[in-house]
Structures are given as structure tokens and as C-alpha cells.
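This report describes a structure for a reader who has not seen it before.

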Amino acid sequence: MVIPVSLAEHSYDIVIEKGALKKAGKLLSVKGRALVVTDSGVPGIYAETLMSQLENPALFVFPQGEENKNTKTLLSICEKLLEENFTRSDCVIALGGGVVGDMAGFASAIYMRGIDFYNIPTTLLSQVDSSVGGKTAVDFFGAKNLLGAFHQPKKVIIDPELLSTLEKRQVSNGFAEAVKIAVTSDKKLFELFESGRAEEEIEEVICRAVSAKRDVVEKDEKESSLRRVLNFGHTLGHAIESSAGLDTLLHGECVALGMLPMCGEKIRPRVRAALEAVGLRTQFDYNKDKVAEFLKHDKKAGNGSVCIVRSDEIGSFFFEKVSLCDLEKML
């Protein structure tokens with residue numbers, strides 16, 4: 001399946017196909033050299049398979065984990081590009097989850113003021129969400145994605161077969177972002193979660209989630225209005241994630257927790273049941289003071305208030321501006 005993303009000169013295709021990694025060289029049609037960026041958690045055979053199809057590629061591997069999504073790793077990627085004499089005619093290919101995609105994408109956005117970037121996501125979370133839309137970033141002084149840029153990929157290749165090596169918790173982690181887009185934008189996708197068939201129909205979940213996000217990004221590439229809907233669950237989720245510590249909760253788990261206070265009373269039990277059906281927790285003992293401190297650093301906050309995304313009906317949403325004090329109470 002090919003899902004086109006129409007963004008004028010930044011348009012690209014998202015290819016969703018089993019076994020796509022084995023023919024990535026043909027699908028990408030890379031011109032010039034490529035730096036493949038991956039992390040230690042991605043099976044080495046994936047990088048070997050990709051690099052065997054490229055002409056004179058280079059490889060950069062960094063340690064797995066959100067704690068390595070920082071300026072040190074970012075500069076190390078740029079240093080590798082410089083050492084390998086990469087020019088503006090060359091490119092970066094991300095092969096990994098959301099951290100890899102963010103790091104590789106941001107490095108390609110700033111190296112020589114921007115070189116081509118391709119994304120091959122290997123986790124469910126990155127396949128249904130972070131690989132689409134052109135957001136790249138690193139964490140800074142504990143704040144999520146504080147430094148970043150919009151840098152659209154030239155192409156995204158999604159191979160569902162790559163999910164076979166994921167642990168159950170990582171699969172659940174990815175489903176959180178799909179539930180997010182379902183609650184706000186796709187009633188049929190949400191019903192798939194309610195039916196308990198999400199895992200057995202994972203390709204359908206990926207296709208519907210990606211299509212829904214594509215529709216939003218096409219209308220608002222740089223989050224000036226509509227694209228803010230993709231932050232559903234993230235305002236509280238990011239604060240919980242930052243305050244809980246990197247070894248406690250995964251990103252999707254925090255988004256799941258952050259969604260529940262944003263749901264109207266009528267749909268909250270349905271959303272809670274859908275999250276639990278895919279193995280996500282719906283309760284967490286948090287430190288109120290720590291969460292409140294990180295809420296102040298939210299990129300959407302200003303003058304003591306923040307614009308949040310809420311939903312009272314499955315498949316729909318609305319924006320609401322609330323004070324930071326009221327946002328804390330929603331927890």
C-alpha cells in the first residue's frame with residue numbers, strides 16, 4: 001500500500017508492505033551516499049540487509065534508550081557525517097524507533113542546512129506515528145523534544161514484518177499512539193480496538209492510523225492550528241514521562257495515561273477499556289509537584305495557560321485553553 005503525503009515541494013510517499021526492507025534499495029532510489037543511523041536495540045541484521053542494497057553506505061550506531069536522545073548524540077551523528085565527507089547531495093536513513101527517527105531526522109535537518117532524510121521505522125510506535133509528519137527533535141535538560149525542527153522525509157518505508165522481534169510491552173507502547181488518533185479522528189479504528197482484534201489486524205491498524213495522521217499533516221504541516229490534535233494525551237503525558245524518569249514508563253504508556261483526563265465522562269470508560277485491551281496501564285502514582293514543574297516547560301504553554309485537546313465523542317475532538325492550575329487538577 002502506498003499512502004501519498006501532499007505537501008507541495010515537501011511531498012513524499014509512505015510505503016506499507018510486508019518484506020519492504022528486503023527491497024528498500026529499490027524503493028528508496030537513493031542518490032549519493034547514505035548514512036544509516038540506528039541504535040543498539042535494533043537487530044543488526046536489519047542494518048546489514050539495508051546496507052547491502054546501498055552504494056558505499058556508512059553506519060552510525062548509538063546506545064538504545066530515551067536518555068541518549070540528546071545533543072551529545074546529535075552532534076556525534078553530525079561529526080560522523082563530516083568525517084565521511086558527506087555533502088548536500090547525500091542523505092541520512094533512520095532505521096529504528098522514534099528516538100532513532102528523531103535523532104537522524106534532526107541531524108539531517110541541520111547538517112549543511114539540510115540534507116535528504118529517509119525513514120524506515122522498526123517499532124509499532126514509530127510506524128503508526130512518529131515516522132510521519134516531519135517532526136524531529138532531541139530532549140534538552142530533561143524537557144521532551146525541546147530542541148527540534150520540521151524536516152519532512154523523502155520517503156517512509158513501513159515493513160510490518162520488522163515488528164516480529166518486539167517485546168509485548170513495546171507493541172502495547174505503539175498501540176497507544178494508534179488509540180490516540182482513533183479517539184479523536186477515526187471511529188472505525190477505535191471500534192477495532194474495542195473488539196479486541198487490534199493485534200491480529202495490526203496491518204489495518206497501521207494503515208488507518210497513518211492515513212488519519214496524513215490527513216491532518218496535509219492540512220497543517222507545521223502545527224499552526226489543526227495539527228495540534230495530534231497532541232491529544234501528550235500535554236500531561238510528556239510531563240508524566242519527564243517526571244517519572246526514563247526507566248519507569250515508556251512514551252506510549254505516558255500518552256495513554258495523559259489521554260484519560262482529556263476524555264469526557266461518557267467515553268472515558270470506553271477509552272480505558274480499549275487501552276487495557278492492548279496491555280496499557282491506566283493508573284499511575286505520580287509526583288504532583290514534579291509533573292506541575294514539567295507542565296510549565298510544555299511548548300504549547302504561555303502566559304500561565306495551555307491549549308489542550310479534549311474529546312467527548314469517539315472520532316471527534318475540540319481545543320480548549322486552560323490554566324496550568326486547572327490542568328494540574330485534571331490529573
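Helix H9 (residues 234–244) is largely enclosed by the rest of the structure, because 10 of its 11 residues are buried. Buried means under 20% relative accessible area, exposed means over 50%, and partly exposed lies in between, with a 1.4 Å probe and protein chains only. Helices (H or I, at least four residues) and strands (E, at least two) are DSSP runs, numbered from the N terminus.

The model is predicted: local features need pLDDT of at least 70, side-chain atom pairs count only at pLDDT 80 or more, and totals for chains, interfaces and linings use all residues. Residues are numbered from 1 along each chain as its sequence is written, and side-chain values use heavy atoms, with hydrogens and water left out.

The buried residues of H9 are His234, Thr235, Leu236, Gly237, His238, Ala239, Ile240, Glu241, Ser242 and Ser243. Their cover includes strand E8 (143–150), helix H6 (168–185), helix H10 (251–259), helix H12 (288–295), strand E11 (305–310) and helix H13 (324–330). Just after H9, Gly245 has a positive phi of about 100°.

Two packed helices are described by the angle between their axes and the distance between the axes. The axes of H9 and H10 come within 7 Å and cross at roughly 130°. That makes H9 oblique to H10. Axes here are lines fitted to C-alpha atoms, for helices over the stretch in contact, and angles run from 0 to 180 degrees between N-to-C directions. Angles under 35 degrees count as roughly parallel, over 145 as roughly antiparallel, 65 to 115 as roughly perpendicular and the rest as oblique. On the H9 side, His234, Leu236, Gly237, His238, Ile240 and Glu241 meet His251, Cys254, Val255, Leu257 and Gly258 of H10. Contact means heavy atoms within 4.5 Å.

**The seven-stranded sheet**

Seven strands form an open sheet in the order E1-E2-E9-E6-E5-E3-E4, with mixed pairing. Strand E1 (2–5) and E4 are the edge strands, each pairing on one side only. From one strand to the next, the twist averages 15°. Two strands pair if DSSP finds at least two bridges between them. Strand E3 (residues 34–39) pairs with strand E5 (residues 91–96) in the parallel sense over four bridges, and Leu35 stands opposite Val92 in E5.

Two helices lie across parts of this set of strands. H3 lies across E3, E4 and E5 and runs at about 165° to E4. H8 lies across E1, strand E2 (12–16) and strand E9 (155–158), at about 15° to E1.

**Salt bridges**

Side chains of opposite charge can pair when their charged atoms come close. The whole structure holds 20 salt bridges, each a side-chain nitrogen of Lys or Arg within 4 Å of a carboxyl oxygen of Asp or Glu.

| Pair | Closest N to O |
|---|---|
| Lys69 and Asp102 | 2.7 Å |
| Glu177 and Lys180 | 3.0 Å |

Lys69 and Asp102 form a salt bridge that links distant parts of the chain: Lys69 is in the loop between strand E4 (58–62) and helix H3 (71–83), Asp102 is in helix H4 (residues 98–110), and they are 33 residues apart. Both Lys69 and Asp102 are buried.

Lys168 is partly exposed at 46% relative accessibility, and Glu199 is partly exposed at 42%.

Glu177 and Lys180 are three residues apart in helix H6, separated by about one helical turn. Glu177 is buried at 1% relative accessibility, and Lys180 is buried at 2%. Salt bridges that share partners join Asp129, Glu177, Lys180 and Lys213 into one network.

**Val138**

Val138 is in strand E7 (residues 135–140) and is buried, at 0% relative accessibility. Leaving aside neighbours within four places in sequence, Val138 has contacts that include Lys69, Leu74, Met103, Phe106 and Leu147.
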